[in-house]
Amino acid sequence: MKNSTSNWNWICFDCRITVRRSWTYKNDVPCPRCQKNCVHFGTEIALPPAADLRAWRKIRRTFQESRADSVEHAKWQRVRRQHRLEWELVELEKSPASGKRDRRIAHVRVSLGVA
Ligand SMILES: [Zn+2]
């Protein structure tokens, strides 16, 4: 018997269509109506009827906002990591010279793109 939780939803917001594929599916999922790529939308969602435009607009807005949040979060994490590496480099350069220290400095410089 097919397990429905092994399927994920892809959505075309323009056509208000859901396409289900196995969670292992790796390719783009074209909308069966407009052929544009659907967006991946997870497993546990209750979608409104296609005619409920207001509800669909709300889902689309929420989706776009959550996507923007995750882009901002990734940016913030990169900045945070960079600051941590810069701080580590300053501390390493203050510490007594050793092979281990020099290798770590070289590694941190490569990570910072200043090697
Ligand atoms: Zn479509």
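## Confidence of the model

Among the elements of the protein chain, the lowest mean pLDDT, 88, belongs to strand β3 (residues 39-40), and the highest, 95, to helix α2 (residues 99-112); pLDDT is the predictor's confidence in each residue, from 0 to 100. This is a predicted model, in which local features need pLDDT of at least 70 and side-chain atom pairs count only at pLDDT 80 or more, while totals for chains, interfaces and linings use all residues. Residues are numbered from 1 along each chain as its sequence is written. The protein chain has a mean pLDDT of 88, with 95% of its residues at 70 or more.

## Elements and overall extent

The protein chain holds two helices and three strands, which are DSSP runs numbered from the N terminus (helices H or I, at least four residues; strands E, at least two), and along the sequence they follow the pattern β-β-β-α-α. The C-alpha atoms fill a box of roughly 70 × 35 × 25 Å along the principal axes.

## The helix pair

The axes of α1 (residues 53-94) and α2 come within 10 Å and cross at roughly 150°, where axes are lines fitted to C-alpha atoms, for helices over the stretch in contact, and angles run from 0 to 180 degrees between N-to-C directions. The two helices are therefore roughly antiparallel to each other, a term for angles over 145 degrees, as against under 35 for roughly parallel, 65 to 115 for roughly perpendicular and the rest for oblique.
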